Amino acid sequence: MLDSMKSGALPLSSLNHISLLCRSVEDSLNFYQNVLGFTPIRRPGSLDFDGAWLFKYGIGIHLLQSPDPEAIPKKTEINPKDNHISFQCESMALVKKKLEDLNIAYIQQRVEEGGIYVDQLFFHDPDGFMIEICNCDVLPVIPLGDSEAVSVCKRVNLGIMPQQKMGAMQYASTEESHITCA
């Protein structure tokens, strides 16, 4: 029996996707492709609303066109304590330079825990959703209390592979060529 079932937790295996309501799917699609490097993927044809699906780094992002774009609050203040999604990076300096080249406003923070430093950059997508880029994998994952041990995995060379034909439809697949767990 899974430990999560004994504790009453749902038997989950991973994060699949996040969904974001957009003023303009086209603007958001451009941002997630050209700034964060996501790849558009096929959405089910039965979805009867405007949107786009993207995939990269082992996670999907589903963009949903808002039926009332003006109802989405406009955020200008970058607040690291706001709802956000965080991405790990290999080089904070390269990310910072790219954001500056793209004229994307950001704030930078540094967190220290027991002599370990974590650098963070925070900025908004076109709809004001907060994005964090960090080097957080330097922090150990330490369970509290009687919690089960947690493995920390670093994915390397995770990418979209060329289209493979499967029946009448084509699907993009991913291959994890190397996973290192601590």
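Trainee: Which side chain does arginine 23 meet in a salt bridge?
Mentor: Arginine 23 meets the side chain of aspartate 127, at 3.5 Å from N to O. A salt bridge here is a side-chain nitrogen of Lys or Arg within 4 Å of a carboxyl oxygen of Asp or Glu. Before we go on: this is a predicted model, where local features need pLDDT of at least 70, side-chain atom pairs count only at pLDDT 80 or more, and totals for chains, interfaces and linings use all residues. Residues are numbered from 1 along each chain as its sequence is written, and side-chain values use heavy atoms, with hydrogens and water left out.

Trainee: Okay, and where do arginine 23 and aspartate 127 lie?
Mentor: Arginine 23 is in the loop between E1 and H2, and aspartate 127 is in the loop between E7 and E8, so the pair ties together parts 104 residues apart in sequence. Those labels are DSSP runs numbered from the N terminus: helices (H or I, at least four residues) and strands (E, at least two).

Trainee: Is aspartate 127 buried or exposed?
Mentor: Aspartate 127 is buried, with a relative accessible area of 8%. Buried means under 20% relative accessible area, exposed over 50%, and partly exposed in between, using a 1.4 Å probe and protein chains only.

Trainee: How many salt bridges does the structure hold?
Mentor: Five. One of them joins arginine 110 and aspartate 119, with the closest N and O atoms 2.8 Å apart. Arginine 110 is exposed at 55%, whereas aspartate 119 counts as buried at 14%.

Trainee: What does arginine 110 stand opposite in E7?
Mentor: Aspartate 119 again. Strand E6 (residues 107-113) and E7 run antiparallel, joined by seven bridges. Two strands count as paired if DSSP finds at least two bridges between them. The hairpin of E6 and E7 has two residues between the strands, and glycine 114 there takes a positive phi near 60°.

Trainee: Switching topic: what's the strand order in the open sheet of four strands?
Mentor: E1-E4-E3-E2, with mixed pairing. Strands E1 (17-22) and E2 (39-41) stand at the edges with a single partner strand each, so one side of each has no neighbour in the sheet. E3 (residues 51-56) and E4 (residues 59-65) pair in the antiparallel sense over six bridges. Tryptophan 53 stands opposite histidine 62 in E4.

Trainee: Which residues of H2 are buried?
Mentor: Val25, Ser28, Phe31 and Tyr32. What covers them includes E1, E3, E4, E7 and strand E8 (130-134). For cover like this, contact means heavy atoms within 4.5 Å.

Trainee: And phenylalanine 123, where's its place?
Mentor: Phenylalanine 123 is in strand E7 (residues 116-124). At 1% relative accessibility, phenylalanine 123 counts as buried. Leaving aside neighbours within four places in sequence, its contacts include Phe31, Val35, Leu99 and Tyr106.
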